[in-house]
Structures are given as structure tokens and as C-alpha cells.
Amino acid sequence: DMYRDIEMPEPYVGEWAKDPENLPYAISALLSRTNLYTKAQMQDAKRAFYALCTQIDHQIRYLIGTLRLEGLLNNTVIMFTSDHGDMLGNHDMAAKRVFYESSANIPMILMPNKDNPRVPVGHVDDRLVGFADVMPTLLDICGIDVPDTVDGQSMLSDIPRETIYGECGEDDHATRMIRDTRHKLIYYPVGHHFQLFDMDADPNEMNDLARDPAHAQILDRLKCLLETEL
């Protein structure tokens, strides 16, 4: 009800997504399962999504308030994140399980214990992080050694990671991704299909640069990095 009469932002659709004949198989299969709704239904789904986010905000208020009442807040570390986002109609897609930003770029908010000098209040850091970094970050804040077997690294490290790798799905729906601090490469094994995006110049991933000769060196470099992960 809170968002019922509020106009929702229109979804954005990249040029590559407007060409169904040349979409990778995994995306075509996804669209056949999720592209079943009218524009009005998708906007109602976005209202519901916004309302759920507001509900989470309210519940966090109760959590923090309870910690404060119990005298525990000053000695508590809180990390807020999420397992995935939702395409919400962007690029004509719904739901998740893709490496486009609406699905893959999730919250990562860290509130340290009071007066912790290593995490300044209001500080924003745009380094690449993932779920593997959660545990080493919390251990680091608590002054506990991180096991050598851990793949992730503390988000408070003086040396941020240069790339991050992700994989989703197997068989004909498999998708793989690698990105550095500026460019993202998405790979669909079925059809040997690559997509390349400049995340600084094009944060909504409207233009696929994989076939742009001017970006051939960037494409080759990220392909080599992807091969080391595969």
C-alpha cells in the first residue's frame, strides 16, 4: 500500500537485449520462463520489491534498537548484505541467476563496533568484494587470524583484489563472469558467447563491447583471466 500510487522508474533495456535472434541460449531460456508478465504486472512487482526493502529497513531498526537497549550495540559488529538482487524488468528480464548488475550487484554495508578506527563512519569503498570476503573481514575486525585455507580476503586489506570471478548454473544454462575494477566479461559456454561492458562509462550495461575492435585487447585480457579460473 505504501507504494501503490507512486510511479515506478521505467526499466532500462540495452541495445543487445533488443536483438532476440542473437541472444545467448541461456538468456533466451531465461526469458521463456520469466518474460510472461505485462508491463503493469512488472511495475506492480517492483512496488512489492520496494515495499519489501522498506520492511527490511524497519526490522533492522528493531534489531539495532534492541541491541542498544540491552547495552550491546557499542560492542557489536553488523554486516548487511543479500544473496542476490532482481532484474525487475531491466533488459526485459525478471528474477535472478544472471551477472547483470540488477541481479549481481548487492548491498555490502559494514557497521563496526564503536570507535573502531579501521572503519571510519560514512566511508565508501568501491573495491571488488564477494561473499568469500565476509568471514575474513569479520575475523579481521575481531583481531582473529584468518585461516590460510580461506579463499576470500578482508575488505579492510591494504591491497584490494584486482578481479572477481563468478559462476552460475551448469550444462546448457551455465554462465561465467569475471570483472576487474572497470570492465566486466560475461561468458555463456553454449554458443561460445561473450559480452563485455565498461562499468564506468556504462553502469547499466546498455552497450555490449565484445565485438568492438577498439576493445579487443581488453576482451583478450579478460578472456585469459577467465581461463585461469575455469
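## Around strand β6

Strands β5 and β6 form a hairpin with 4 residues between them, and in the turn G191 has a positive phi of about 90 degrees. The model is a predicted one, in which local features need pLDDT of at least 70 and side-chain atom pairs count only at pLDDT 80 or more, while totals for chains, interfaces and linings use all residues. Residues are numbered from 1 along each chain as its sequence is written, and side-chain values use heavy atoms, with hydrogens and water left out.

The strands named here, like the helices, are DSSP runs numbered from the N terminus (H or I of at least four residues for helices, E of at least two for strands). Strand β5 covers residues 183–188 and pairs with β6 in the antiparallel sense over 6 bridges, where pairing requires that DSSP finds at least two bridges between two strands. Within this arrangement, K184 stands opposite F197 in β6.

Strand β6 itself, residues 193–198, is mostly covered, since 6 of its 6 residues are buried; buried means under 20% relative accessible area, with exposed over 50% and partly exposed in between, for a 1.4 Å probe and protein chains only. In a regular strand the side chains alternate between the two faces of the sheet. In β6 both faces are covered, with H193, Q195 and F197 buried on one side and F194, L196 and D198 buried on the other.

D198, which lies in strand β6, counts as buried because its relative accessibility is 8%. Its side chain reaches the backbone nitrogen of D200 at 3.1 Å, and a polar atom of the D198 side chain also lies 3.1 Å from the backbone nitrogen of A201. Leaving aside neighbours within four places in sequence, D198 is in contact (heavy atoms within 4.5 Å) with R182, H183, P203 and L209.

A search of the whole structure finds 5 aromatic pairs, counted when the ring centres of Phe, Tyr or Trp (its six-membered ring) lie within 6.5 Å, with planes under 30 degrees apart called stacked, over 60 edge-to-face and the rest tilted. The rings of Y100 and F197 have their centres 6.3 Å apart and their planes at 80 degrees, so this pair is edge-to-face. It links distant parts of the chain, as Y100 lies in the loop between β1 (78–81) and α3 (101–104) and F197 lies in strand β6, 97 residues apart. Y100 counts as buried because its relative accessibility is 0%, and F197 counts as buried because its relative accessibility is 0%. The rings of Y187 and F194, in turn, have their centres 4.5 Å apart and their planes at 25 degrees, so that pair is stacked. Ring pairs also link W16, Y100 and F197 into a cluster.

Terms used: A polar contact is a pair of N or O atoms within 3.5 Å; within protein, one must be able to donate a hydrogen and the other to accept it, and residues adjacent in sequence count only if both atoms are side-chain atoms.
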